[in-house]
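Thanks for asking me to look this one over.

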Amino acid sequence: MRIDIITLLPELLESPFRHSILKRAQEKGRLEVVVHDLRQFGLGKHHQLDDYAFGGGAGMVMMVEPIAQCIESLQAERRYDEVIYMSPDGDLFNQPMANRLSLKDNLILLCGHYKGVDERVREHFITMEISIGDYVLSGGELAAAVVVDAIGRLIPGVLNDESSALLDSFQDDLVAPPVYTRPADFRGWKVPEVLLSGNFPQIEEWRLEQSILRTRQRRPNLLDEE
Ligand code: ADE
């Protein structure tokens with residue numbers, strides 16, 4: 001999978017994909033993340049990217065022309081499955097959406113800033129809009145990093161233990177059960193006996209029970225949605 005990210009602040013995206021699982025995904029050739037500095041497509045001597053809103057009002061608007069040129073230069077090279085705009089009024093990102101996107105070949109993520117992008121970008125180029133939550137970030141970059149991380153780890157062949165992504169919280173509308181490691185007793189705080197028993201069917205049963213219990217306590221909405 002290839003993900004092209006269009007941003008005014010490429011520096012913000014220098015580190016997130018250079019570590020851990022996303023680093024491994026790229027080393028294995030399963031994922032390519034390419035960050036594009038929108039400034040290169042800016043207009044005139046000053047590489048202008050934003051302007052005042054027609055009709056007045058506070059805040060600058062990202063201009064259509066540099067974004068159009070950047071997206072079209074990418075589309076001239078390959079076919080994109082989705083051109084995604086990161087925006088607080090987009091569709092709320094969740095695990096099923098990450099699962100679906102992890103099966104695509106090529107994605108563009110456009111990061112917004114200021115008062116947002118000229119509406120004509122959304123009308124003519126954007127095929128999907130994603131919000132990572134009901135709060136406003138100062139730009140779409142951190143949201144794009146969240147989306148790339150959630151997608152990247154699901155790409156087939158990225159995680160060593162293929163089953164581990166399937167056991168994540170939310171994959172079956174349940175949150176994950178509690179986990180423990182050594183020591184089995186720390187200050188008298190003991191690991192549940194069943195996990196030390198070696199009885200794997202019983203351990204699986206306990207984990208499922210715990211998942212259901214935790215989901216009921218913490219995220220009952222996940223159980224209601226069926
Ligand atoms: N840009 C600003 N806020 C955002 C959010 N919550 N999700 C996605 N992109 C954003």
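1. T7 sits in strand β1, strands being DSSP runs of E, at least two residues, numbered from the N terminus. This is a predicted model, where local features need pLDDT of at least 70, side-chain atom pairs count only at pLDDT 80 or more, and totals for chains, interfaces and linings use all residues. Residues are numbered from 1 along each chain as its sequence is written, and side-chain values use heavy atoms, without hydrogens and water.

2. With a relative accessible area of 1%, T7 is buried (under 20%; exposed is over 50%, partly exposed in between; 1.4 Å probe, protein chains only). Beyond its neighbours within four places in sequence, T7 has contacts (heavy atoms within 4.5 Å) with L13, V35, H36, D37, L38, C111 and E141. A polar atom of the T7 side chain also lies 2.7 Å from the backbone nitrogen of L9.

3. L9 turns up again in a nonpolar surface patch of about 430 Å², together with L12, Y135, L137 and L142. L12 belongs to the loop between β1 (2–7) and α1 (20–27) and is partly exposed, at 39% relative accessible area.

4. How many disulfides does the structure hold? There are 0, a disulfide being a pair of cysteine sulfur atoms within 2.5 Å. The sulfur of C70 is too far for a bond because the closest cysteine sulfur, in C111, is 11 Å away. C70 is buried at 1% relative accessibility, and C111 is buried at 0%.

Notes: Patches are made of residues with over 30% relative accessible area and no salt bridge: like charges are joined within 9 Å, nonpolar side chains (Val, Leu, Ile, Met, Phe, Trp, Tyr) within 5 Å. Accessible areas come from the Shrake-Rupley method with a 1.4 Å probe; for residues, only the protein chains shown count as cover. A salt bridge is a side-chain nitrogen of Lys or Arg within 4 Å of a carboxyl oxygen of Asp or Glu. Helices (H or I, at least four residues) and strands (E, at least two) are DSSP runs, numbered from the N terminus. A polar contact is a pair of N or O atoms within 3.5 Å; within protein, one must be able to donate a hydrogen and the other to accept it, and residues adjacent in sequence count only if both atoms are side-chain atoms.
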